[in-house]
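Dear colleague,

Please read the notes with the model open beside them.

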Amino acid sequence: MNTCVLPGKAMCNGMRRGQKIVLHTLLWALAAGTMQPVMSKPKKELSAKKATVAPMTARATATKRLDSKKVTAATSVVHMPLLGEKYARVVVKDRKLSGAVFYLAPGHGGPDPGAIGQYGAHKLAEDEYAYDVTIRLARVLVEHGAQVYMTVQDKNDGIRDEKILKLDHDEVAYPNLAIPLNQTARLKQGTDAVNRLHKKHKGAYQRLLAIHVDSRSEREMIDVFFYHHQDSVAGKRLATTLQQRFGNCYRRCQPNRSYLGSVSERSSLYVVKNSHPPTVFIELGNIQNTKDQRRFLIADNRQALANWIYEGIQADYMRQ
Ligand SMILES: [Zn+2]
């Protein structure tokens, strides 16, 4: 029996390699906790198998140093230590999300691990699995030219490919703040940071995605579902687009399985109620549910979830 609840990586969002690269060193403003690439001097041209057109990031394009005749295909590379050693080097493939700003809020963190599932002798913490999907999503968004803020950050975890993601408590809140145990204080801390940044990025397409793995349901298998605020047209549109995209991906990748994920209003949730950018709260499943656990234990499935969320985001961004 195929234990993959979701398909392997990149089925719905293929990744290309071997592009002709003009390498620019982009300094990642990690000290400030942002995921905003900062351009530095172009370094050198690297040879590669095949030239592929991939425009620079907005900032990279702004530079006068490039010879546009010679370099029809140029790709930026950014370095993001928060993604961990293996994934820190990110090739910006295109600018599909250029100008968009995303706040990614993985559920819980710090002293609060969220829901805990039991898997044999192992404990599976919601915050670790939500974090891994979320930071994978951060990487994909940056690959397409977006600006991303992680509201919760774990400086020594990065993207992890193991099945069992070790529970720790050293996550901090953006930009580098200890996370309080008190739930309201914790949610307020994240929301306040997002609202300050929202003001700073006034006029841009901005969206907040809160990602959790602790849905409650009577059903055995719980599908990914989405909440938005009753008054947020943009939040509802993004939630609906995401849900449709998940439906398409399931139909394509698992035609024998019906997707039952829903979109609904849930205005009372703290983050949905108090965040200024249009917000979608995503429940990826329940880490305590044995069948759901398969969706999260396999790294490729966590990547597929991130890729599908990206696809929905991109469709929404195009539609604005
Ligand atoms: Zn949660």
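In what follows, axes are lines fitted to C-alpha atoms, for helices over the stretch in contact, and angles run from 0 to 180 degrees between N-to-C directions. Helices (H or I, at least four residues) and strands (E, at least two) are DSSP runs, numbered from the N terminus.

This is a predicted model, in which local features need pLDDT of at least 70 and side-chain atom pairs count only at pLDDT 80 or more, while totals for chains, interfaces and linings use all residues. Residues are numbered from 1 along each chain as its sequence is written.

Helix 4 (residues 233–253) and helix 7 cross at roughly 130°, and their axes come within 8 Å. That makes helix 4 oblique to helix 7 (angles under 35 degrees count as roughly parallel, over 145 as roughly antiparallel, 65 to 115 as roughly perpendicular and the rest as oblique). The crossing of helix 4 with helix 7 is right-handed, a term used if the near helix is turned clockwise from the far one by less than a right angle, anticlockwise being left-handed. Among the residues that meet here are Leu 238, Leu 242 and Phe 246 in helix 4, and Trp 308, Ile 309 and Ala 315 in helix 7 (contact means that C-beta atoms, placed from the backbone, lie within 7 Å).

Helix 7 (residues 299–319) also packs with helix 2 (residues 126–143), at an angle of about 50° and with the axes 8 Å apart. That makes helix 2 oblique to helix 7, and the crossing of this pair is right-handed. The residues in contact include Val 133, Leu 137 and Val 140 in helix 2, and Leu 305, Ala 306 and Tyr 310 in helix 7.

Turning to the strands, strand 5 (residues 100–106) pairs with strand 8 in the parallel sense over 4 bridges (strands pair if DSSP finds at least two bridges between them), and Leu 104 stands opposite Met 150 in strand 8. Strand 8 (residues 147–150) is covered on both faces, with Gln 147 and Tyr 149 buried on one side and Val 148 and Met 150 buried on the other (buried means 20 or more other C-beta atoms within 10 Å of the residue's own, with C-beta atoms placed from the backbone).

Elsewhere, an open sheet of 3 strands has the order 9-10-11 with antiparallel pairing, and its edge strands, strand 9 (152–153) and strand 11 (177–178), each pair on one side only.

Notes: Contact = placed C-beta atoms within 7 Å. Buried ≥ 20, exposed ≤ 12 C-beta atoms within 10 Å, placed from the backbone.
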